[in-house]
Amino acid sequence: MFVVNSFGSAFQALFICLLLPFLSKLWGIPFSQLSNYLKDGAACFLNVGTLSRGCDGAPLLPLLFIVVNMGFNISLLHLIKISSAVVSCLASTFSVPIAIYVFTLPLPYLGVGPSLPAGFVAGAAILIMGLLIYAWTPSSASSSTSITAST
């Protein structure tokens with residue numbers, strides 16, 4: 001899992017850099033102004049310079065996100081170590097609707113989040129029920145072992 005995440009992140013960074021001229025056009029930023037845009041973004045991240053509007057919480061919040069993300073990935077690696085990759089994948093899948101719900105709460109620096117549509121709530125409920133059914137259903141290998149042991 002660590003290798004897959006590492007390669008995924010590396011290739012994401014590589015392709016963002018390669019596709020930056022095309023992406024800037026999609027974002028409505030002329031390519032000639034891209035360097036100023038990146039410089040202003042770095043100043044906002046470091047919370048220096050004249051940019052003060054919209055940079056609240058920098059750099060604490062982005063660094064906090066990185067630390068929490070690394071902790072989550074380390075906990076998934078530990079979960080693989082003590083159980084299996086399937087359990088780790090289920091835990092990762094279970095975290096998605098929970099994270100989306102948390103971001104709808106009134107959090108500092110984010111304000112009041114949008115309300116969740118009924119389709120999302122129904123889909124998340126179906127996903128979580130499926131994960132719980134899968135996790136609580138005994139595997140056929142353990143049930144066949146218990147049947148032969150009792151005879």
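## Aromatic pairs

Rings of Phe, Tyr and Trp (its six-membered ring) form a pair if their centres lie within 6.5 Å; planes under 30 degrees apart count as stacked, over 60 as edge-to-face and the rest as tilted. By this criterion the structure, a predicted model, holds two aromatic pairs. In one of them, the ring centres of F7 and F11 are 6.4 Å apart and the planes are at 25 degrees, so the pair is stacked. Ring pairs join F7, F11 and F15 into a cluster.

F7 and F11 are four residues apart in helix α1 (residues 2-18), which means that about one helical turn separates them. Helices here are DSSP runs (H or I, at least four residues), numbered from the N terminus. F11 is partly exposed because its relative accessibility is 45%; the term covers values between buried (under 20% relative accessible area) and exposed (over 50%), with a 1.4 Å probe and protein chains only.

The peptide bond from A58 to P59 is cis, with omega near -5 degrees.

N47 has a phi near 60 degrees, which is positive although the residue is not glycine. With 42% relative accessibility, N47 counts as partly exposed.

## Basis of the values

Residues are numbered from 1 along each chain as its sequence is written, and side-chain values use heavy atoms, with hydrogens and water left out. In this predicted model, local features need pLDDT of at least 70 and side-chain atom pairs count only at pLDDT 80 or more, while totals for chains, interfaces and linings use all residues.

Methods. Helix = DSSP H or I, 4+ residues; strand = E, 2+ residues; numbered from the N terminus.
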